[in-house]
Amino acid sequence: MLVDSHCHLDDARFADDLDAVIERAAVAGVTRILSIGTGDGPPGIDCAVRIAGRYESVWASIGVHPHDAAKVTPQTFDDLRALADNPKVVAFGEIGLDYHYDFSPREVQRDVFLEQLKIADDLRLPIVIHTREAWEDTVELLSRQPAGSTGIMHCFTGTPEQAQQALALGLHLAFGGALTFKNASNIRESARITPDDRLLVETDAPWMAPIPHRGKRNEPALMTETVRKLAEVRGTTPARIAEITTANFNRLMAARGINL
């Protein structure tokens with residue numbers, strides 16, 4: 001049994017065969033999927049909630065991606081709080097900073113990130129963090145979080161030193177298809193040193209398909225390739241990776257009073 005802790009089932013590339021995608025995931029042993037609810041930004045931040053309502057195995061997050069921070073209004077924050085009342089909402093994200101594209105001004109990104117961190121803490125929801133070329137600012141803002149905050153550093157591709165920083169903040173590290181890439185030695189070393197109780201797996205589908213599917217549309221069923229590589233890196237079995245990552249996801253949710 002596996003949990004895909006991060007994918008984007010609302011993406012247009014799943015529009016024609018989402019039922020089949022969910023069925024293939026189940027056949028592959030991916031029995032629980034967290035669909036990320038940022039969509040194309042406000043006002044469409046209920047996208048994952050709507051999908052989760054259709055499938056028993058799918059759960060939802062809510063939030064505004066840093067790309068869309070400039071679209072936020074005070075109403076957006078009210079909408080997020082209201083969406084959190086849905087019983088299938090189990091996380092807040094992906095939220096954070098992205099200085100690679102700068103689709104939203106950096107100051108706006110930081111302000112929106114901080115406000116969402118506050119809302120997530122108020123709602124007692126685990127956070128799902130996106131950071132790209134903004135590591136120092138991301139860590140600094142996260143360090144302001146109350147002690148005991150929990151969450152996930154999504155699609156971790158950093159160095160072992162950055163892994164240690166994220167772990168010190170109390171975050172789980174989620175590894176995706178990039179772990180399987182040939183030039184990913186830093187990622188594999190970060191995955192090797194991550195403690196058992198902080199390890200998660202994800203797809204970030206439809207992006208980041210693992211080898212041998214790189215360049216194709218990713219989907220939850222393909223996560224088994226990442227799990228095989230992760231088991232190799234950590235000197236264990238895919239079954240053991242499935243066991244500990246599923247337990248970690250369940251425990252992360254339970255820490256905020258969510259029973260899956």
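Trainee: How much space lies in the largest pocket?

Mentor: Happy to start there, and keep in mind that this is a predicted model. Rolling a probe the size of a water molecule over the atoms shows where empty space is left. For the largest pocket here, that space comes to about 860 Å³.

Trainee: Which residues that line the largest pocket are the closest to its centre?

Mentor: The lining of the largest pocket is made of 28 residues. By class, 8 of them are nonpolar, 11 polar and 9 charged. The closest to the centre are His 65, Glu 94, Asp 98, His 130 and His 154.

Trainee: Which element gives the most residues to the lining of the largest pocket?

Mentor: Look at the elements that give two or more residues to that lining: they are β4 (89-98) and β5 (127-132). The one that gives the most, with 3 residues, is β5.

Trainee: Where is Pro 212 found, and what is omega near for the peptide bond from Ile 211 to Pro 212?

Mentor: Pro 212 is found in the loop between β8 (199-201) and α8 (223-234).

Trainee: On to the cysteines. How many disulfides does the structure hold?

Mentor: A disulfide needs two cysteine sulfur atoms within 2.5 Å. For Cys 7, the closest cysteine sulfur is in Cys 47, 11 Å away, so that is too far for a bond. For Cys 155, the closest is in Cys 7, and at 13 Å that too is too far for a bond. The number of disulfides in the structure is 0.

Trainee: Are Cys 7 and Cys 155 buried or exposed?

Mentor: Buried means under 20% relative accessible area. Cys 7 has 0% relative accessibility, and Cys 155 has 16%. Because each value is under that cut-off, Cys 7 counts as buried, and Cys 155 also counts as buried.

Trainee: Now the rings. What kind of aromatic pair do Tyr 101 and Phe 103 form?

Mentor: A pair of aromatic rings is described by the distance of the centres and the angle of the planes. The count comes to 3 aromatic pairs. For Tyr 101 and Phe 103, the centres are 5.0 Å apart and the planes are at 15 degrees. With under 30 degrees as the cut-off, this pair is stacked.

Trainee: How do Tyr 101 and Phe 103 stand in accessibility?

Mentor: The relative accessible area of Tyr 101 is 43%, so Tyr 101 is partly exposed. Phe 103 has a relative accessible area of 53%, and over 50% is the cut-off for the next class. Phe 103 is therefore exposed.

Trainee: What about Phe 156 and Phe 175: what kind of pair do they form, and how many residues apart in sequence are the parts it ties together?

Mentor: Their centres are 6.0 Å apart with 75 degrees between the planes, which makes the pair edge-to-face. Phe 156 lies in the loop between β6 (151-153) and α6 (160-168), whereas Phe 175 lies in strand β7 (residues 171-175), so the parts tied together are apart in sequence by 19 residues.

Trainee: One last item: what is the phi of Glu 133 near?

Mentor: Glu 133 lies in the loop between β5 and α5 (135-142). At 54% relative accessibility, Glu 133 counts as exposed. Its phi is positive, in a residue other than glycine, and is near 55 degrees.

Conventions. Residues are numbered from 1 along each chain as its sequence is written. This is a predicted model: local features need pLDDT of at least 70, side-chain atom pairs count only at pLDDT 80 or more; totals for chains, interfaces and linings use all residues. Side-chain values use heavy atoms; hydrogens and water are left out. On a 1 Å grid over the protein atoms alone, a cavity is a set of points where a 1.4 Å probe fits but cannot get out, and a pocket is an open set with protein on both sides within 12 Å along at least five of seven lines; lining residues have an atom within 4 Å of a point. Grid points are joined across faces, edges and corners, and a volume is the space filled by probe spheres set on the points. Helices (H or I, at least four residues) and strands (E, at least two) are DSSP runs, numbered from the N terminus. Ala, Val, Leu, Ile, Met, Phe, Trp, Tyr, Cys and Pro count as nonpolar, Asp, Glu, Lys and Arg as charged, and the others, Gly among them, as polar. Buried means under 20% relative accessible area, exposed over 50%, partly exposed in between (1.4 Å probe, protein chains only). Rings of Phe, Tyr and Trp (its six-membered ring) pair if their centres lie within 6.5 Å; planes under 30 degrees apart count as stacked, over 60 as edge-to-face and the rest as tilted.
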